Amino acid sequence: MRAKSVGKSVNQALRYALVVGGAIVSILLFLLASASENSGFFGRYYTWLLGVNAGMAVLLLVLVIVALARLYSRYKAGKFGSRLVARLVLLFAGIGILPGLVIFMVSVQFVSHSIDSWFDVKIEAALESGLNLGRAALDEAVAELGATGQTAAATLAGQDAVMVQGVLTGLVNDVSGLQSAMLLAADGTVLASSAQDRNANLELDRPTPNMLKSAALPGGYARPEGTVKREVSGEDETQNGLDAATGLRLRVVLAVPEAAGMEARYLQLLQAVPVNLASNAVVLRSASEEYRARDQARRGLRKMYGGTLTLTLLLAIFGAIGSAFLMAGNLAQPLLVLAEGTQAVAEGDLSPRPTVETNDELGTLTRSFNAMTGQLFEARSAVERNRMALQNAKAHLESVLANMSAGVLVLDAEGRVVNSNDAAYRILQVEPGALAGPLASIPGLETFYNCVTRAISAQSAQSAAGGDRRRRAHWQQQIEIPRRGSGDEQDHDITLLARGSRLPVGTGSGFIVVFDDISDVISAQRSVAWGEVARRLAHEIKNPLTPIQLSAERLQMKLEGSLPPHEAELLKKSTSTIVNQVDAMKRMVDDFRDYARTPPAVLEPLDLNALIDEILQLYLTGDASDVIHAVLAPDLPKVMGDPTQLRQVIHNLVQNAQDALADRGPQAPSPRVDVTTEAIHYEGADGAAGTAVRLAITDNGPGFSPRILARAFEPYVTSKARGTGLGLPMVKKIIDEHGGRIDIGNRADGCGASVFILLLKLAPEANLAEI
C-alpha cells in the first residue's frame, strides 16, 4: 500500500509539473513571436526569464530522475508490470525527443539567417535618403517664404498704418497656406496684423526677443518649427497657430528697411507646412529611429532567440519523458488492478475493486473481473437483505393502509371484518372500534353489507360462467348509504364507489373491499349538468318570452276599446299576469345564464381587508343596531383575486347570514354576524413553509340542515321560500376560479352556521415578504 501511495504521488507531481511546464512553454512561444516588436522588453527581463525557465527545467529533470530511479528499482525487483512500463517509457520518450531535436536545429538556423536579413544596407541607405529629401523640401519651402517676406518688407518701407494693413491683408489672401502676417515694433509690440482665422489669438504667435535679434541680422530669421511653448502670464501654454494635422509650420521674421532715424520694424510671416510633406517627414524619422534601435539590439536578439529555443527544447525533452511515464502508467494500470484483485479473491475478499475507466480490452478485462467479484459479493449478501425486507414488509403494509385516503375492509369467508384502516371509520361515519365482527350486524351498515354481498355473488357467478378474465378479477359498484338527520330533518345519503375482489389462493379465503366517498364528485357532476341545463334554458326558453309578452300587450291594446268595461278589466288583469310572469321567467333564465357563463377571474394583487371594509359600509349604520361585527387581522398579506367576483362572494354570504337571522324564533339571543380574516401558516408537500388567507363568516341563526349540507353547492338547493338556490353554487364556482377552497358547516355549539374560504394564491410581494 505504501508503494502504491508513493506511485500515486509521483504521478500527480509529474502531472502538475507538466501542466505548469506547458504554460511556461506557451509563454515562451508568445514572447518569441513578439520579439520583433519589442526587443527592449527582452533586454530588461531576459535574465529573470532565463532564471525562471532554468528552474522549471531543473524541477522537471528532478522528477524525471526520481521516476527513472523508481522504475529501475521495480525492474530489478521483478515487480509485475515493470518491464511493460519500461518499454512504453522508452517508446514514448523516443517519439517525443527525436522530432524535437530536428525542429530545434532547423529553428536555430532559420532564426540566425532571418535576423541577418532584417538589417540590409540598402534599407538603411533608403531611410537616410528619405530623411535628406524631407529636409531639402522643408528648406526650399523656408527659402520661398523668406523671398516672399523680403518683397513684402521692401513694400512696407515708409508706409503709413492704412497702407500697412492693406499690404498684410493682401499677403494673407494671395500667399497659399499663409496663416498670419504681423508688423511689430522693436520691443515686440504688434503694430498691424492679418490672419486667415479672425478669431485666432495672435498675441501667442509673437516672436521671442531672440527671434527679433536674429531678424535684425542680414538674412533675418527663417526656419521650420514644431510645438513651441512660451511663458504667458506665469504659465506654460502651447502656442496657437500650429498646423492642426501635423504640428509643423514655417516662421520668417525680417527687418523692414527704414530711413535713417526711424524706429526699427519687423515683419513676421507664419505658414503651415503641407500635410503630406509633414506626415511623410514624421514617418521617416520614426522608422529611422526604430531601425537604428533594432540594429543596436541585433546581437541581443540572436542570443535571446538561441537561449529561448534551447530552454524550449529542454522543457520539451523533460516533458516528453514525464508524459511517457504518465502514459505508460495509465496503460499498465488495468493489469496492476487485475493482479491486485486476483490476490484479494484468493484471500477471500469479495468486495468490489476500483474500476479502470478505459475503453480498450484491458479496461474491459478489469471491469469483467470486477463484475464477477461483485456478483459473488452480492449473492452472499442477498440472503441478509431478503431477511430484512421480509421483516419490514408487514410494518410497511400496515403503514400504507393506515395512511390511505380510501377505506379498506378485509372480510373472511363468513363476512366478518378481519382488518380495516382509519379511513374506513371516517368514510362510513361509525365509532372507533365498531368495525369488528360480522359486517351485517354493525348498525347503519346494513345497506352497505347487502350491496357488497350481492357484488361478491355476482362476481363468483361470472367467474363460474367464464368470460373476460380481467373483468372477473374484481367488481366495482356505486353504493348509497342513508344517514338519518336529527329531529324532523330529512335524511341525506353518502355516495360510495366500492371496488373489491377475492383474495388469492394461499392467503386464506376472504375478500377485500376498497371504497371512497364520491359525494363531492357526484355534486360536481350535478353542477356541470345544471350548467348545461342553464345554458339550454337561456337559449330555448328566453327567445320565445319576448314574443309572448309583445303579443299579450298587443291584444290588450287592440281589444281594450272594443270590449265592455268588465271584460276590458278582465283582459287587463290577464295581460298583466302574463307580462309579470314573463318578466319572472326572464329573471330566472338570466340567473341560470349568469351561473352557466361566469366570466373568468382576472387576478390582481388585492387587499382583502380593504375590500371587506368597503362592502360592510353598505350594511352598517354605526350604532348599536348593527348585527355585523368585523375582526380583520392586521398586516394581512395581499391575495391574487378578482375584485368584482370577490365582492359578489362577500355580498352573497353576508346577505345569506342576514336572511338566516330573520328565521329565528322569539326566544333566540340577539342576532349577530361575525366576519373575520386571518393568515394561515402551513407546510407544503415539498416541506417548504407557506401562507394562506382565510375568510370566515359565521352567524347565530338556525344553521344548515343535513339535506342542505349534503348538496349546498348544487343549483336549486335552497331552504328559502323564494329563490333559485344559485347563490352558494356561484360562490363555489368563483372560489374555484381563484384556486381556493370553501367549506360550510354548523358551529360547534350548534348555534348558527359557518362559512370558511381559504385563498392560497398570494400576491408576489406577499410571497417575497414571507421569504
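Strand 6 (residues 249-256) is mostly covered, with 7 of its 8 residues buried. Buried means under 20% relative accessible area, exposed means over 50%, and partly exposed lies in between (1.4 Å probe, protein chains only). Strands (E, at least two residues) and helices (H or I, at least four) are DSSP runs, numbered from the N terminus.

This is a predicted model, in which local features need pLDDT of at least 70 and side-chain atom pairs count only at pLDDT 80 or more, while totals for chains, interfaces and linings use all residues. Residues are numbered from 1 along each chain as its sequence is written, and side-chain values use heavy atoms, with hydrogens and water left out.

Two strands pair if DSSP finds at least two bridges between them. Axes here are lines fitted to C-alpha atoms, for helices over the stretch in contact, and angles run from 0 to 180 degrees between N-to-C directions.

|---|---|---|
| Strand 6 and strand 7 (265-272) | 8 bridges | Valine 256 and arginine 265 |

Contact means heavy atoms within 4.5 Å.

Another open sheet has 5 strands in the order 15-17-18-20-19, and its pairing is mixed. Its edge strands are strand 15 (628-631) and strand 19, each pairing on one side only. Neighbouring strands are turned by 20° against each other on average, direction ignored.

Helix 16 lies across strand 15, strand 17, strand 18 and strand 20. It runs at about 170° to strand 17. Helix 19 lies across strand 19 and strand 20, at about 145° to strand 19.

## Nonpolar cores

The largest nonpolar core has 38 residues. Such a core is a set of buried Ala, Val, Leu, Ile, Met, Phe, Trp, Tyr and Cys residues joined through side-chain atoms within 4.5 Å. Leu653, Leu695, Ile735 and Ile757 have the most contacts inside it. Elements giving two or more residues to this core include helix 16 (608-616), strand 17 (673-683), strand 18 (689-699), helix 19 (727-737), strand 19 (741-746) and strand 20 (753-759). Helix 17 (643-661) is also one of them. Helix 17 gives the most, with 7 residues.

Leucine 695 touches Leu608, Ile612, Ile650, Val675, Thr676, Thr677, Val755, Phe756 and Ile757, leaving out residues up to four places away in sequence. Apart from this core lies another, of 26 residues, among them Val430, Val452, Ile479 and Ile481.

## Loops and cysteines

Glutamine 429 sits in the loop between helix 10 (422-428) and strand 10 (437-438). Its phi is near 55°, a positive value in a residue other than glycine. Glutamine 429 is partly exposed, with a relative accessible area of 48%.

Aspartate 635 lies in the loop between strand 15 and strand 16 (639-641). Phi of aspartate 635 is near 55°, again positive in a residue other than glycine. Aspartate 635 is exposed, with a relative accessible area of 80%.

The structure holds 0 disulfides (pairs of cysteine sulfur atoms within 2.5 Å). Cysteine 451 counts as buried, at 8% relative accessibility. Cysteine 751 is partly exposed, at 41%.

## Whole-protein totals

The secondary structure comes to 20 helices and 20 strands. Buried residues make up 35% of the 771 residues. Among contacts with a separation of 6 or more, 63% join residues 24 or more positions apart. The accessible surface is about 45,200 Å², of which 57% belongs to carbon and sulfur atoms. Accessible areas come from the Shrake-Rupley method with a 1.4 Å probe; for residues, only the protein chains shown count as cover.
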